[in-house]
Amino acid sequence: MAYVHAEIASQPDCWRQAGQLAPAMLDRLPRPGERVAVVGCGTSWFMAMAYAARREAAGQGETDAFQASEFPVGRHYDRLLAITRSGTTTEVLELIAALHGRIPTTVLVGDPGSPVVETADAAVTMPFADERSVVQTRFATTALALLRAHLGDNMDALAADAEVAVRAPLPIDPSLIEQVTFLGRGWTIGLAQEAALKCREAATFWAEAYPAMDYRHGPISVAAPGRLVWAFGELPDGLPEDVAATGASFAHSRTHGYRTVLGRWAAGRTPVDPMADLILAQRFAVALATSRGLDPDAPRHLSRSVVLT
């Protein structure tokens with residue numbers, strides 16, 4: 001487990017580097033007012049979802065997120081932004097090639113020597129965030145950190161929250177949980193989807209994700225004692241109470257015990273940023289794997305990049 005542990009712990013430094021890199025990438029990243037499509041596969045798609053919602057909410061322009069394989073090629077955008085750690089994923093390479101000369105393309109990639117760097121019109125390379133692990137952690141969050149820095153978010157504050165999250169106690173003993181559901185609102189829906197994927201990938205564990213407002217429209221039926229509901233960001237009124245009535249455990253950044261870590265709450269500061277809370281969910285997934293006798297560095301049926309022949 002040497003790779004994934006070290007890569008999770010390195011995220012505060014990676015986010016700081018992303019914040020320093022962002023100002024030099026202004027000509028490659030979406031400009032205010034542009035109509036933008038953001039694509040990826042798996043984890044990268046969930047980061048695309050988070051960025052798209054956050055960019056549009058910030059008034060920067062219409063922004064849509066798609067799985068690379070499901071991009072509507074007949075639709076017009078001012079720019080396509082692709083997120084891909086390896087730069088070798090078949091669906092991303094094929095999409096960028098298909099859009100050549102029609103829509104300007106920018107790729108966020110970990111490996112500067114990957115084929116997508118030559119295929120796209122512009123590239124933002126982040127070798128400092130690349131990973132040896134199959135299961136993505138730091139590259140995905142660092143890509144989102146760079147995009148958030150480009151939107152004007154404070155990377156020093158975000159990295160400070162990440163420092164808290166890599167040290168904080170887990171909200172619950174993973175060995176006591178038989179199922180987990182992650183919830184989000186707005187841009188944190190993508191984070192919830194990613195947290196659930198980490199549990200499935202690293203620990204082959206039953207994990208689901210939903211928009212928080214939709215949770216009571218059916219999915220709450222699986223909540224029960226021995227199960228966990230973990231929410232990112234804004235909480236709908238009454239949701240913690242409704243979860244408590246099922247007997248399930250409830251986790252949110254306000255319940256994680258951060259008060260005891262670096263004196264954050266005692267100093268009167270708000271709970272950590274939801275993206276930092278995702279670090280805690282990554283650690284939870286790794287702990288789940290360990291409790292189940294699994295090696296999260298060797299996930300079942302997965303490889304570092306999906307290359308179709």
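Axes are lines fitted to C-alpha atoms, for helices over the stretch in contact, and angles run from 0 to 180 degrees between N-to-C directions. On this basis, the axes of helix H2 (residues 11-21) and helix H7 cross at roughly 170° and come within 8 Å. This is a predicted model, in which local features need pLDDT of at least 70 and side-chain atom pairs count only at pLDDT 80 or more, while totals for chains, interfaces and linings use all residues. Residues are numbered from 1 along each chain as its sequence is written, and side-chain values use heavy atoms, with hydrogens and water left out. Helices (H or I, at least four residues) and strands (E, at least two) are DSSP runs, numbered from the N terminus.

**Confidence**

- The protein chain has an average pLDDT of 91 (the predictor's confidence in each residue, from 0 to 100), and 91% of the residues score at least 70.
- Residues 258-269 have a pLDDT below 50, and this stretch has 29 contacts in the model beyond near neighbours in sequence; contact means heavy atoms within 4.5 Å.
- Where pLDDT is low, the predicted coordinates should not be read in detail.

**The sheet of five strands**

- An open sheet of 5 strands runs in the order E2-E1-E3-E4-E5 with parallel pairing; two strands pair if DSSP finds at least two bridges between them.
- Its edge strands, E2 (63-67) and E5 (122-125), each pair on one side only.
- On average, neighbouring strands of this sheet are turned by 20° against each other, direction ignored.
- Helix H3 (residues 43-57) packs on the sheet and touches E1 (36-40), E2 and E3; the direction of H3 makes about 170° with that of E2.
- Strands E3 (residues 79-84) and E4 (residues 105-109) run parallel and are joined by 5 bridges.
- Ala-82 has Val-107 in E4 as its bridge partner.

**The sheet of four strands**

- A further open sheet has 4 strands in the order E7-E6-E8-E9, and its pairing is parallel.
- Strands E7 (207-211) and E9 (249-251) stand at the edges with a single partner strand each, so one side of each is left without a neighbour in the sheet.
- Neighbouring strands here are turned by 20° against each other on average, direction ignored.
- Between E6 (residues 179-184) and E7 there are 5 bridges in the parallel sense, and Thr-181 stands opposite Glu-208 in E7.
- Helix H10 packs on this sheet, where it touches E6 and E8 (227-231); the direction of H10 makes about 155° with that of E8.

**Helix H7 and its partners**

- With a crossing of roughly 170°, H2 is roughly antiparallel to H7 (angles under 35 degrees count as roughly parallel, over 145 as roughly antiparallel, 65 to 115 as roughly perpendicular and the rest as oblique).
- Pro-12, Trp-15, Arg-16 and Gly-19 of H2 make this contact with Met-155, Leu-158, Ala-159, Ala-162 and Glu-163 of H7.
- By class, the contact of H2 with H7 comprises 6 nonpolar, 1 polar and 2 charged residues; Ala, Val, Leu, Ile, Met, Phe, Trp, Tyr, Cys and Pro count as nonpolar, Asp, Glu, Lys and Arg as charged, and the others, Gly among them, as polar.
- H7 (residues 155-165) and H10 (residues 274-291) have axes that come within 8 Å and cross at roughly 25°, and these two helices are therefore roughly parallel to each other.
- Leu-158, Asp-161, Ala-162 and Ala-165 in H7 meet Met-275, Ala-276, Ile-279, Leu-280 and Arg-283 in H10.
- The contact of H7 with H10 involves 7 nonpolar, no polar and 2 charged residues.

**Helices H6 and H10**

- The axes of H6 (residues 138-150) and H10 are 11 Å apart, and the helices pack at an angle of about 175°; they are therefore roughly antiparallel to each other.
- Thr-141, Leu-144, Ala-145 and Arg-148 in H6 meet Met-275, Leu-278 and Gln-282 in H10.
- The residues in the contact of H6 with H10 are 4 nonpolar, 2 polar and 1 charged.
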